[in-house]
Amino acid sequence: MISALPDEIWVNVFSYLSNVTICKVISKVCRHWHVLSFDPQLWRKVNISGSDLKLTRKRFDCLRLHRDLSTAKYVSFLRQEIADDILKDLVDVNPDIYSLSLSHFSKLTNQGANNISRLSKLKHLRLSFCNISDESITTIVSNSQNIECLCVNSCNKLTNQFLHAICRLQNLSHLEIINSTKISNAGLEYLSWNTEKLTHLSVSFSSSILTSESLCTLNFSQLHSVEFSLLDIDSDNNLLCFVINNPSLREMKLVECDIFGSFIHQCNLTKLEMIRSQNLSKEFYDYFKNNTTTKNLEELNVVINEQCDFSTSFSSVKRLTVRILESSNLNFSAHLTKYEVLRTENLVDLTLWHDRFIAKQSTLEYLLDNCKNLIRLFIRRISFSSSKSLNLTENLSIRYFLVYYMKNVDEILFEKFAKAIPNVCNADFSYNSEVTLAMLKGFCNYCCHLQSLTLIACDIPDKEIVDLKLNYNLH
């Protein structure tokens with residue numbers, strides 16, 4: 001029956017597999033699959049990670065001989081040391097590459113840069129953790145002038161000269177320069193005045209020569225979204241100045257920024273993400289408590305700490321992601337019923353992060369009963385007193401269910417999980433030493449929509465986990 005399937009369906013199925021899997025597994029199953037593994041549709045994207053396979057000269061020659069690389073539009077070599085001659089041959093075979101990604105490439109020479117510059121149709125270039133110089137970037141952009149997206153995160157040789165060079169790219173719209181430690185305030189200011197189409201910028205303020213003071217001098221004409229990381233606690237006024245000077249800004253992501261958040265009063269953002277930003281002030285939370293409308297803000301990702309009043313609901317935001325953190329003197333699970341935010345219809349993503357305290361089974365009971373529109377639920381550290389007394393209300397909205405470090409679990413408990421969240425698609429029971437194969441089978445039997453199951457650091461043999469996923473067709 002399976003052998004009667006048309007080749008088009010098989011090729012579509014194989015397209016979800018990595019190139020390495022196609023070469024090392026699919027092509028060796030049978031003659032028919034061996035022939036299908038050469039289909040050009042499977043090689044429009046070439047993604048070979050160093051963790052899967054080291055791309056040596058011999059392997060590249062074999063790949064080029066047996067696979068058609070001339071149609072590949074997206075090429076990605078992650079954690080690979082690609083020799084200059086391999087890069088040259090790749091460009092010779094396919095000078096029309098649309099997207100090229102190289103990471104952890106410590107031997108990217110000027111000759112390698114010359115080879116990349118020959119890709120005249122290149123629009124997306126990622127060179128993260130690469131040992132690349134200002135001179136090499138200048139060489140690339142002088143010829144590949146159609147680049148729209150450039151990512152050079154953690155390329156520590158780059159200086160302000162690199163920023164001057166990329167201003168030649170008239171179509172540059174997306175730039176990431178996170179952890180580029182030799183870029184200064186003056187370099188960012190020059191970039192802001194000499195790029196007309198930049199719509200996204202990612203930058204980290206991790207060095208002494210690049211400070212939040214530069215935010216006051218940046219004025220991008222079309223900037224739509226930004227990602228800033230490692231801003232210090234005195235950055236609020238500078239952020240406010242930045243928001244005012246860039247009226248096109250609509251989305252902001254702040255990662256590990258020790259800020260108060262007072263700039264929220266003046267911004268016209270539609271999306272705000274505060275990732276691992278744990279020192280938000282009472283003023284920030286009070287803004288949402290006292291305003292039934294928050295201008296244009298539609299999506300908010302926020303950490304809730306002890307400065308947040310229990311009555312703050314964030315009801316004015318249409319889509320809300322919340323991460324509640326315990327403090328040294330506050331066990332938030334003991335006060336869940338007081339949090340107004342847990343009863344709002346806009347809450348779609350919730351994380352309860354315990355380090356010191358442990359949630360009780362009543363915590364899960366309360367959340368499933370009250371968070372009716374929750375799509376993703378993540379609880380770290382929870383203990384169950386009795387699976388028989390556990391009373392879970394059915395919650396049809398949850399699609400992602402993650403629970404780490406559970407105590408006192410059994411098969412009955414897992415069956416009740418499954419019956420309470422029948423529409424779950426992705427489950428993660430990592431870091432649970434008490435979980436057994438029988439518990440997981442009981443869970444999978446009831447969850448007919450389950451597509452993915454993650455089990456990291458569990459006391460179940462890898463072979464049994466692989467067999468379980470194969471039996472239930474899970475990722």
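This is a short tour of a predicted model, stop by stop.

**Before you start**

Residues are numbered from 1 along each chain as its sequence is written. In this predicted model, local features need pLDDT of at least 70, side-chain atom pairs count only at pLDDT 80 or more, totals for chains, interfaces and linings use all residues, and side-chain values use heavy atoms, with hydrogens and water left out.

**The whole chain**

Show the whole protein chain. Its C-alpha atoms fill a box of roughly 70 × 65 × 35 Å along the principal axes. Switch to cartoon view: the chain has 15 helices and 18 strands. Both are DSSP runs numbered from the N terminus: helices are H or I with at least four residues, strands are E with at least two.

How much of the chain is buried? Buried residues make up 50% of the 475 residues. Buried means under 20% relative accessible area, exposed means over 50%, and partly exposed is in between (1.4 Å probe, protein chains only).

**Stop 1: helix α7**

Select residues 134–143, which form helix α7. Its buried residues are Asp134, Ser136, Ile137, Thr139, Ile140 and Val141. What covers them? Look for α6 (110–117), β4 (124–126) and α8 (160–166), which are included in the cover.

**Stop 2: a positive patch**

Select Lys24, Lys28, Lys58 and Arg59, which form a positive surface patch. Patch residues have over 30% relative accessible area and no salt bridge, and like charges are joined within 9 Å. A salt bridge is a side-chain nitrogen of Lys or Arg within 4 Å of a carboxyl oxygen of Asp or Glu. Now zoom in on Lys58, in helix α4 (residues 57–66). Lys58 is exposed, because its relative accessible area is 71%.

**Stop 3**

Asp258 sits in the loop between β9 (251–255) and β10 (271–275). Is Asp258 exposed or partly exposed? Its relative accessible area is 34%, so Asp258 is partly exposed.

**Stop 4: Ser313**

Go to the loop between β11 (299–304) and β12 (319–325), where Ser313 is found. Ser313 is buried, because its relative accessible area is 13%. Which residues does Ser313 touch? Not counting residues up to four places away in sequence, Ser313 touches Leu320, Glu340, Val341 and Thr344. Contact means heavy atoms within 4.5 Å.

**Last view**

Zoom out again. Among contacts between residues at least 6 apart in sequence, 66% join residues at least 24 apart.

Conventions. Patch = residues over 30% accessible without salt bridge, like charges linked within 9 Å, V, L, I, M, F, W, Y side chains within 5 Å. Areas by Shrake-Rupley, 256 points an atom, 1.4 Å probe, with all protein chains shown as cover. Lys, Arg positive; Asp, Glu negative; His and termini not counted. Charge placed at Lys NZ, Arg CZ, Asp CG, Glu CD.
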